[in-house]
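Trainee: I would like to go through the labels used for this model and ask what each one rests on.
Mentor: Go ahead.

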Amino acid sequence: MQDCMRVPFVLRGEIIDDCTVEYGGRHGQTRFATPDIESVLGRLPLREPSRMADLYSLTIDDIVGYLARLGKALDVRTNTYMQEAFALSCRTSGLSEPILRHYYELIPQSFEPAVVRETAERLVGIDYLEGWVEQPSAVHTGVPTRVRAFGARCVHVIAGNVPMVSVGTVVRNAFTRSDAIIKTPSNDPLTATAIARTMVGMDSEHPLTKHMSVVYWKGGD
């Protein structure tokens, strides 16, 4: 008889562990159970974009500092949630245990300040994340054009090839000051969940915690 692992939802700082709906993992190795997605649909979307204002009380230094603390808390040797994610991934991902262990041991490095700053600078530009940036022009005169990057309300349907997909999603959502609903894959339903549960344990009321939800529903039908 197959074991069935519980995969709770994390909804804007709240852990919902009423796991009543059972699914089969990939490769037929295990099964997992989650809450009923229909029970949270009314609470899942952030209906007013103005409710993202709390994210703009954070500076990039605040965000980098939060992610640095989070990275240290995600050490697979000490974090029970990450250990559960690793154990489940060994059965569902299709990758070998040594390869997966290597990935999980690398996860904290992705949250280090230098890595986060370099990623934010390369993908967006920290100046654009922090304020309005004037765009020089040799052609247009008059009032200068200024550009700023603002966060968005997003649904991330992530792949489960490697756990780093969940990591990248969390980091990018943080430094862009976005509100994310992460739909986890059946071959890795626990990594993003483990990260989100760790965030709740750190500070359930922090804006970055409150603007991330992690849920699963069956796709592909």
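Mentor: The model is predicted, so local features need pLDDT of at least 70 and side-chain atom pairs count only at pLDDT 80 or more, while totals for chains, interfaces and linings use all residues. Residues are numbered from 1 along each chain as its sequence is written, and side-chain values use heavy atoms, with hydrogens and water left out.

Trainee: Why is Thr 34 called buried?
Mentor: Buried means under 20% relative accessible area, exposed over 50%, and partly exposed in between (1.4 Å probe, protein chains only). Thr 34 has 0%, so it is buried. It belongs to strand E5 (residues 31-34); strands (E, at least two residues) and helices (H or I, at least four) are DSSP runs numbered from the N terminus.

Trainee: Which residues is Thr 34 in contact with, leaving aside neighbours within four places in sequence?
Mentor: Contact means heavy atoms within 4.5 Å. The partners of Thr 34 include Val 7, Asp 18, Tyr 23 and Tyr 216. Tyr 23 is eleven residues away in sequence, at 8.1 Å from C-alpha to C-alpha.

Trainee: What makes Tyr 23 and Phe 32 a tilted aromatic pair?
Mentor: Rings of Phe, Tyr and Trp (its six-membered ring) pair if their centres lie within 6.5 Å; planes under 30 degrees apart count as stacked, over 60 as edge-to-face and the rest as tilted. For Tyr 23 and Phe 32 the values are 5.7 Å and 35°, so by these limits the pair is tilted. Tyr 23 is buried at 12%, and Phe 32 is buried at 0%.

Trainee: Why is the pair of Tyr 56 and Phe 150 tilted?
Mentor: The ring centres of Tyr 56 and Phe 150 are 5.8 Å apart and the planes stand at 45°, so this pair is tilted. The two residues are 94 apart in the chain, Tyr 56 in the loop between E5 and helix H1 (60-73) and Phe 150 in the loop between strand E7 (145-147) and strand E8 (153-157). Tyr 56, at 28% relative accessibility, counts as partly exposed.

Trainee: How do you know that the charged end of Lys 183 sits over the ring of Trp 217?
Mentor: The test asks for NZ of Lys or CZ of Arg within 6 Å of the ring centre and within 35 degrees of the ring normal. Lys 183 is placed over the ring of Trp 217, at 5.9 Å from its centre.
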